[in-house]
Amino acid sequence: ASLIGAILHMDPPAPTAPVFGTGDELISIESDNVAAAGYNADTATMTVEFDSGEVYAYSPVSVTVWTDFVNAQPHPWSKVGKPQLVDAKVPYTKVSD
């Protein structure tokens, strides 16, 4: 079988696999005050766990804000989180403390 034939017959990716984000998983974030964060593209929800242990879910959040947040390490909160979530008054819920 040729390589092109093999490529044409590959199974498509599972439709439930998230294209952007982390699903419901939090990933470790390099930051002075953020321990972990995650993004669920299906619900446009970004979850942030602070070093204090408090966890907040912000929604709606665009995938661009999530990507910018991750790329802003080691200062994701001051460069992206505070201005694009808090100052922009994105609705949030406190998940845990």
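Q: Which residues of strand 4 lie on one side and which on the other, and are they buried or exposed?
A: In a regular strand, side chains alternate between the two faces of the sheet. In strand 4 (residues 55-58), Val55 and Ala57 lie on one side, Tyr56 and Tyr58 on the other, and all are buried. Strands here are DSSP runs of E with at least two residues, numbered from the N terminus; buried means under 20% relative accessible area, exposed over 50%, and partly exposed in between (1.4 Å probe, protein chains only). The model is predicted: local features need pLDDT of at least 70, side-chain atom pairs count only at pLDDT 80 or more, and totals for chains, interfaces and linings use all residues. Residues are numbered from 1 along each chain as its sequence is written, and side-chain values use heavy atoms, without hydrogens and water.

Q: In what sense does strand 4 pair with strand 5?
A: Two strands pair if DSSP finds at least two bridges between them. Strand 4 and strand 5 (residues 92-96) are antiparallel, with four bridges, and tyrosine 56 stands opposite lysine 94. Strand 3 (residues 45-50) also pairs with strand 4 in the antiparallel sense over four bridges; there, methionine 46 faces tyrosine 58.

Q: With which residue does lysine 94 form a salt bridge?
A: A salt bridge requires a side-chain nitrogen of Lys or Arg within 4 Å of a carboxyl oxygen of Asp or Glu. Lysine 94 forms one with glutamate 54, their closest N and O atoms being 3.0 Å apart. This pair links distant parts of the chain, 40 residues apart: strand 5 and the loop between strand 3 and strand 4.
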